[in-house]
Amino acid sequence: MGGLSRADAAPLVSVCHCPSYDPSDVSRAVDSVLEPLGDMGAFVSPGERIGLKPNLLMAVAPEQAITTHPAVLEAVAVRLLAAGASPVIVESPGAALANSARALRHVFERTGAWEVAERLGLEVCMENTGTNVSNPSGRLLKRLDVLTGALEVDGLVSVCKLKTHTFMTFTGAVKNLFGLIAGMSKGGYHARLADPLHFADMLLDVAGFAAPRLSLMDAVLALEGDGPGTGGRPRFVGAVLASTDPVALDTVACRLAGIDPARVPVLMQAAKRGLPGADAAAVRVVGDDVEDLYKGAFLLPAQREGDRLGFGAFSALQRVLLPLARGALNPRPRPKTGRCIACRACERACPKGAISAVDGLARVDDSLCIRCFCCHELCPVAAIDLEFVGAARVARALRMV
Ligand code: SF4
Ligand code: SF4
């Protein structure tokens, strides 16, 4: 893993009509979207362990259109096997899920992924714990809590789901990779990055780290309205998409769903970063015509439909609760007397202006701190400790964070 490519000046997205989840329809569609990209053999080598990352947000049946359909997962896994690779299903479902193999297996079973794994003899990562790793190319987060099993593969193939998302407006190829953040750590990221644009930046950092070799999208039965969970409602689209560029894939998927990219924080931030996949005019689409597949704009989440203040605007209740959640789920950076040399590197690194070196010691304003830990990452003399205090210490003891 490592690096969201900026090299491909004209990202390619492949689209194919797929009328149902009948295995023959899905198989034909997956072959069709792969063909212009170079088939699976172009992305994996014989003998490689390849992480296969579906969107398995929660323990729900495939018909609810919340998770990657097992027929699509199976079609991709079959092609990985045919190319000589060994697929390993890697997924850390939603943040509310306890870190236990039993809870994980329940999600895999309900969503149909377990049956696919058994039928094809696939390995399934049954650990939902993470390793804190360096992410030097990250713009917002220099360290990430990544699912340990996802760090033990040679490469990654993502199989995401087209859905609306209450917080992010839309979830597709980029957001799917947030499922590589381990267990309940995801809740800490949400608490820390309450502003949708900050959160989107974090998602791009995660996508850059994960760098999937290939992303496919299950857009046969999508989800609209108050997604990405049970508040949404299934919406037939009838398509499968693929690309090496998750941003470009999301750009085209938004066209398919009639969602304005200017309302999608991930695409807004990707455009600010100059990622070519966010430039609809620069993305080349091959295969079936998106306009022919388009059946009208998706219903957006109510929160986004009514959002007249723009991203980053919060209700009074959110303003009260979010700092509490931040404090409850995340450690606090604490510069230490005796180690801090007042070099001010942390001050320069802090995206919130929450830290300043005064009288020979860096001091943190907790009310401004978003717990991104850039200061901790960049302190040249390891003078900043991360301390769990109060409710956070209790949550830590209960293995909730
Ligand atoms: S970067 Fe480290 S040493 Fe420099 S001021 Fe901050 S805490 Fe002190
Ligand atoms: S003080 Fe440190 S953890 Fe807090 S916002 Fe600034 S850089 Fe991030």
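1. A disulfide is taken here as a pair of cysteine sulfur atoms within 2.5 Å. The structure holds zero disulfides. For Cys18, the closest cysteine sulfur is that of Cys16, at 7.1 Å, which is too far for a bond.

2. The model is predicted: local features require pLDDT of at least 70 and side-chain atom pairs pLDDT 80 or more, while totals for chains, interfaces and linings use all residues. Residues are numbered from 1 along each chain as its sequence is written, chains are lettered from A and ligands numbered from 1 in the order in which they are written, and side-chain values use heavy atoms, leaving out hydrogens and water.

3. Burial is judged by relative accessible area (buried under 20%, exposed over 50%, partly exposed in between; 1.4 Å probe, protein chains only). Cys18 is buried, with a value of 0%. Cys346 is also buried, at 7%.

4. Cys346 is one of the residues around ligand 1, a residue being counted if one of its heavy atoms lies within 4 Å. Among the others are Cys340, Cys343, Cys379 and Arg344. By class, this shell has eleven nonpolar residues, no polar residues and one charged residue. In this scheme Ala, Val, Leu, Ile, Met, Phe, Trp, Tyr, Cys and Pro are nonpolar, Asp, Glu, Lys and Arg are charged, and the others, Gly among them, are polar.

5. Helices (H or I, at least four residues) and strands (E, at least two) are DSSP runs, numbered from the N terminus. Helix 2 covers residues 70–82 and reaches 18 Å from its first C-alpha to its last, close to the expected 18 Å; the expected span is 1.5 Å times one less than the number of residues. Ten of its 13 residues are buried, so helix 2 is largely enclosed by the rest of the structure. The buried set includes Glu74 and Arg79. After helix 2 comes Gly84, with a positive phi near 90°.

6. Eleven of its twelve residues are buried, leaving helix 8 mostly covered. Asp250, Thr251 and Cys254 are among those buried.

7. Is Arg363 buried or partly exposed? Arg363 lies in strand 14 (residues 361–364) and counts as partly exposed, at 42% relative accessibility. Its C-alpha atom is 9.2 Å from that of Pro333, 30 residues apart along the chain.
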